[in-house]
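New notebook page, new structure. I'm jotting down what I look up as I go.

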Amino acid sequence: MRRLLTSLVIAMTIAGSAPAFAVQVVPPGNRNAEQPDIPGASVRRTKGTKTTFDVKYEKVYDLLSTDHELLGKIKKVSNAYGINPIHVIGAIVGEHTYNVDAYDRLQAYYVKAASYAGESFRFAYDGESVDDFVDRPEFAACNGKADSYTLWTCREDVWESDFRGKTVGGKSFPNNRFSAVFFQPFYAGQTFGLGQVNPLTALMLSDLVSRVSGYPKLNEKNAGSVYKAIMNPDISLAFVAASIRRSIDDYKEIAGMDISDNPGITATLYNVGNSRQRAAALAAKNRASGTMVWPEENYYGWLINDKLDQLKGLL
């Protein structure tokens with residue numbers, strides 16, 4: 001039922017009639033005067049490595065300010081996807097401030113990517129490959145989805161409504177995200193590469209990245225190729241830009257909002273994901289209230305807007 005309601009909200013918003021408001025430009029800056037709470041896991045991880053968020057921010061900022069090759073790549077890929085490069089910078093800065101430490105130079109990412117090229121592993125849970133899992137009858141409604149974004153979004157919705165935290169056919173499934181259960185063959189919380197792209201996100205955006213950047217389409221049956229793509233800096237940057245492009249388009253098409261002038265919002269969506277569902281929820285909230293409720297930044301996006309003048313200086 002929850003999946004059906006979610007699908008109806010999205011369908012009504014896109015095809016039902018136009019959003020209740022004409023497309024509105026989301027104001028720049030933060031809606032919150034103070035930074036929202038940072039998740040405990042991020043705090044513990046940072047303390048565990050005997051560093052601070054300020055130190056990590058300065059480290060990634062220094063990397064960007066001194067690696068002219070990387071900045072050139074960011075500008076080029078942003079142009080290809082029709083977005084301001086500040087959005088890609090915001091995503092990278094947020095990831096390396098709150099989730100991982102920045103490498104000292106771009107070349108380190110190439111070396112790390114090469115180490116995974118020959119690895120043999122698969123996306124699976126408790127002995128069941130994700131390819132077999134999505135062949136279950138519960139996913140039948142997704143089979144007609146031709147685009148990778150709508151296909152994997154549909155499958156993620158089915159996971160949330162029919163499997164997450166439930167027992168199906170005698171098999172129990174964790175109360176956790178689809179990406180965490182089936183797409184982390186090494187350890188929990190695993191994302192890799194310059195943009196810390198999640199494997200499921202990469203599969204969702206595969207068609208868009210292939211169309212714009214010309215990289216081969218990804219397949220869940222070949223987990224190695226997915227990790228190789230998200231570890232390679234050049235390809236990973238394409239997925240970062242594609243994710244931001246998708247978020248901007250989702251909010252414009254579904255919620256009637258232009259978020260392209262607010263890097264804190266695009267950074268927030270890069271961090272939390274599910275831009276399509278979030279845009280639909282916000283559109284429904286605005287229709288019900290009859291007022292304009294703007295999207296709000298989380299702790300991650302708040303930092304990007306707070307440091308925006310300094311980050312723009314990189315360009």
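**Overview**

How many helices and strands does the secondary structure of the chain come to? I get 16 helices and 6 strands. A reminder to myself: this is a predicted model. Next I checked burial, and buried residues make up 49% of the 315 residues in the chain. I also looked at how far apart in sequence the contacts reach. Taking contacts with a separation of 6 or more, 75% of them join residues 24 or more positions apart.

**Helix 4**

I went to helix 4, residues 68–80, and tested its length. With 13 residues at 1.5 Å a residue, I'd expect a span of 18 Å. The end C-alpha atoms are 19 Å apart, which agrees.

Which residues of helix 4 are buried? My list reads Leu 70, Leu 71, Ile 74, Val 77 and Ser 78. Looking down the axis of helix 4, I see the buried residues fall within an arc of 135°, so they line one face of the helix. Just after helix 4 comes Gly 82, and I wrote down its positive phi of about 70°.

**Helix 10 against helix 12**

At what angle do helix 10 and helix 12 pack? I have helix 10 (residues 199–213) and helix 12 (residues 233–254) at about 100°, with their axes 9 Å apart. Angles of 65 to 115 degrees count as roughly perpendicular, so helix 10 is roughly perpendicular to helix 12. From helix 10, the contact uses Ala 202, Leu 205, Ser 206, Leu 208, Val 209 and Ser 213. Helix 12 brings Ala 238, Phe 239, Ala 242, Ser 243 and Arg 246. I sorted the residues of this contact and got 7 nonpolar, 3 polar and 1 charged.

I picked Ser 243 of helix 12 first. Is Ser 243 buried or exposed? Its relative accessible area is 13%, and under 20% counts as buried, so Ser 243 is buried. Setting aside neighbours within four places in sequence, I find Ser 243 in contact with Leu 205 and Tyr 270.

Then I looked at Asp 250, also placed in helix 12. Asp 250 is buried, with a relative accessible area of 0%. What is Asp 250 in contact with, leaving aside neighbours within four places in sequence? I noted Tyr 149, Ala 255, Ser 275, Arg 276 and Ala 279.

My last stop in helix 12 was Asp 234. Asp 234 has 28% relative accessibility, so I logged this residue as partly exposed. This one leads me back to helix 4, through Leu 70, one of the buried residues there. The C-alpha atoms of Asp 234 and Leu 70 are separated by 9.2 Å, although the two are 164 residues apart along the chain.

**A loop residue**

Where is Lys 221? I found Lys 221 in the loop between helix 10 and helix 11 (223–231). Lys 221 is exposed, with a relative accessible area of 61%. I also looked up Val 130, which is 91 residues away along the chain; its C-alpha atom and that of Lys 221 are separated by 8.1 Å.

Terms used:
Residues numbered from 1 in each chain as written. Predicted model: local features only at pLDDT ≥ 70, side-chain atom pairs only at ≥ 80, totals over all residues. Heavy atoms only, no water. Helix = DSSP H or I, 4+ residues; strand = E, 2+ residues; numbered from the N terminus. Expected span 1.5 Å × (residues − 1). Buried < 20%, exposed > 50% of the residue type's maximum accessible area, 1.4 Å probe, protein only. Arc of directions from axis to C-beta. Axes fitted to C-alpha atoms, helices over the stretch in contact; angles between N-to-C directions. Parallel < 35°, antiparallel > 145°, perpendicular 65-115°, else oblique. Contact = heavy atoms within 4.5 Å. Nonpolar A, V, L, I, M, F, W, Y, C, P; charged D, E, K, R; others polar.
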